[in-house]
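Work through the following exercises with the sequence and the three-dimensional model side by side. Each one sets a task and then gives a solution in steps.

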Amino acid sequence: MKEIVIIEWKKLWHSKLTVLAVVLLIITCIFLNFATFFVFEADSSGRNATIRKEAKGGMLNQEYIDYLIESLDVYELDAAAWYDLLQHESYSNAFQFIGFVKDYSDNQLQDILSNEESFYQQYKMAVSKEIEHANLFNWFSYTAEHMARIDNKIEQIQTPIEVGYNRGIGMFIYQYNTLYVLVLFVISFVLSSIFTCDSPQGIDELTLALKKGRKQNFNARIITGNIVALTIYAIFIGVMLIQHALMYSLQGWGNSLQSYWVTAIYNISLGSGVLIILAHGLLTVLLVTNLVMLISIVIKRAKIATLLSITVVGALIQLTNTSNPLLLQLNPVYFATQRFNSRWGFEFYYFIGNIMIPYTVIVLMLGCLYFFVIRLLTVKQYKRYTLQ
Amino acid sequence: MILQITNLYKSYRSKEALQDINLILTAGTYGLLGENGAGKSTLMRILTTIDFPTKGTITFDGEDIIKLDENYREMIGYMPQDYTVYPSFTAQNFLEYMGVLKGIPKEELDKKIPEVLAFVNLSEVANKKVKSFSGGMKRRLGIAQAIINDPKILILDEPTSGLDAKERIRFSNIISAMSKDKIVILSTHIMSDIEAISNHLIIINKGQLIEATEIENLVEKVKGKVWEVVIDQEQFNLLSKERNVIRRKQEGENIRVRYVGEPYEGLENQSLEPTLEDYYVSVCL
């Protein structure tokens, strides 16, 4: 099996179309990342783009709050000045966080910031209200018991949270969300002819008549397809990380998750949150990869299979624009982009009885189910695969 | 070693490609003959498990070949009418790929590849890309991959098409050298190839089995019925309406004609030794 996988891997990467598609992906990502950099960071002349990285990092505790109050005179800020501060790299973390608490509080800013303990108490109430509000738009409505369970989890958020410069990570996440779908299109293009009978890298009479030409050859191609998809995804992530590290630096991996997603209730770092996002993206990549290969086995004609694969991926992406939350949450593309396109923040929760199940777990379960169905259909197809 | 085909049918939508084929094949070389679209390639594809019968069974030593699956395919070598080679593959790469898919261990494959390349006289071009090969070289490479696993059943679809005279002789010799203790099935339109290589003939027409016997028996059937005459155009017109003309050759004003049937009265008929072509043209067409 290993030998077949190696040969199939070489065949796929020897294809000029594969190389071209991946190179185009890289060039597009680099270009769009630079374009976004200049749009967000250019000065008024539009010629110079600079990043200020002199963020004050550390725990958002009373000492930090006092520092903000003293150095920036926050009580005197009007709306425009507050907005300016949010744009300011050094304090945007902290101010975004304070702004979130302020939005949900009836108290004056002086009262909110008067005491660290009460500040975080108000913060936790704000998180609870935000989650309850977001649930109004979900198909699954929380009961009072569910909210009590969530509140219990919110109480366990470790405070004070750690803030600091994270512009690079923030822009990486933003661009990842924007450009992620390109990876799915490249995969559709590269892998849609892997089982077709009219392509040099596909299946022909000769291979079907060989001892390992059916079961092992097909399984090896499926493994190879997944490895190739994984590689393309890794290249995409690598390019994005390197470019953002060079443009912004990737400081802030150790910050609290709440410094970016204010309603998150996990006690993990922002870096761990990014890894969860990337893992979700990987799951979607693998699901789409196996779906594309199934289309390839069923259709057997390279051009039609490519066209259909791209259409299916396009349709899945388009379906993420639905206002139906159930349909949205079942969509595999939404697994990867949920954290950017929804009102639910980093995570949202379901309940079986009193057991709280995060959407991440639902995603894993749905992913397994989709894999199982695709696998069943694939095996059924390749056992009786003919060239007619 | 018995390959048995029982009540085999294959249909594609409304077209019956094969109908009620029954055959028992033992070690030997079988020529498969039939017009274009007669069902030869379909039968070969089913024998290699590339395609599946609509009805009927094929067994090897009593076991269904579909159930035998890999154990059956391990025993076969197949060369299709045409095959695709990945553009960047050299002959060596291609044979490595085929060898891996045939489940041949690497050490054995390293020994086998130079052997089969030498056998088909392609050693010197082992590292050249297959896409630069002539039709004949590609055919020989096809044979090399078919025999690399030393198959018990060798199935060759139109193996001599596109080969020049020298290559056809070479090919005949290759097959003859291999046919001992194997079931070799080859389809071709070239009668002389079948006569030179095969000892059995299977004739299929419009999906139906017409004949399956030893070539000697078939030739025997037209013994004493093959004649040659030299006649003018007017006589030829009459003769061709009443007899099966095998060949005609213009010789000035006259025509030298080879035909099968009772001797035509009033002509100087010269008796000839019959060939397989005489039988096929007179009986099957």
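**Exercise 1.** Find the bridge partner of Ile5(B) in β4(B), and then describe how strand β1 of chain B pairs with strand β4 and with strand β2.

*Solution.* The partner of Ile5(B) in β4(B) is Ile58(B), where strands are DSSP runs of E with at least two residues and helices are runs of H or I with at least four, both numbered from the N terminus. Strands β1 (residues 3-12) and β4 (residues 55-60) of chain B run antiparallel and are joined by 5 bridges; two strands pair if DSSP finds at least two bridges between them. Turning to β2 (residues 15-25) of chain B, one finds 7 bridges to β1(B), again in an antiparallel arrangement, with Leu8(B) standing opposite Ile21(B). The hairpin of β1(B) and β2(B) has 2 residues between the strands, and in it Arg13(B) takes a positive phi near 50°.

This is a predicted model, in which local features need pLDDT of at least 70 and side-chain atom pairs count only at pLDDT 80 or more, whereas totals for chains, interfaces and linings use all residues. Residues are numbered from 1 along each chain as its sequence is written, and chains are lettered from A and ligands numbered from 1 in the order in which they are written.

**Exercise 2.** Locate Asp20(B) and Thr49(B), and decide for each whether the residue is buried, partly exposed or exposed.

*Solution.* Asp20(B) is not a glycine, yet has a positive phi of about 45°, and its place is in strand β2 of chain B. Asp20(B) has 14 C-beta neighbours inside 10 Å and therefore counts as partly exposed, since a residue is buried if 20 or more other C-beta atoms lie within 10 Å of its own, exposed if 12 or fewer, and partly exposed in between, with C-beta atoms placed from the backbone. Thr49(B), also a residue other than glycine, has a positive phi near 65° and is found in the loop between α1 (40-47) and β4 of chain B. With 21 other C-beta atoms within 10 Å, Thr49(B) is buried.

**Exercise 3.** Describe the side of chain B that touches chain A, by element and by residue class.

*Solution.* Begin with the contact count: 24 residues of chain B are in contact with 22 residues of chain A, contact being defined by C-beta atoms, placed from the backbone, that lie within 7 Å. The elements that give two or more residues to this side of chain B are α3 (70-73), β6 (76-79) and α4 (91-101) of chain B, and α4(B) provides the largest share, 4 residues. By class, this side has 13 nonpolar, 5 polar and 6 charged residues, where Ala, Val, Leu, Ile, Met, Phe, Trp, Tyr, Cys and Pro count as nonpolar, Asp, Glu, Lys and Arg as charged, and the others, Gly among them, as polar.

**Exercise 4.** Compare the tallies of helices, strands and buried residues for the two chains.

*Solution.* Chain A has 16 helices and 4 strands, and buried residues make up 38% of its 388 residues. Chain B has 11 helices and 14 strands, and 43% of its 285 residues count as buried.

Key: Contact = placed C-beta atoms within 7 Å.
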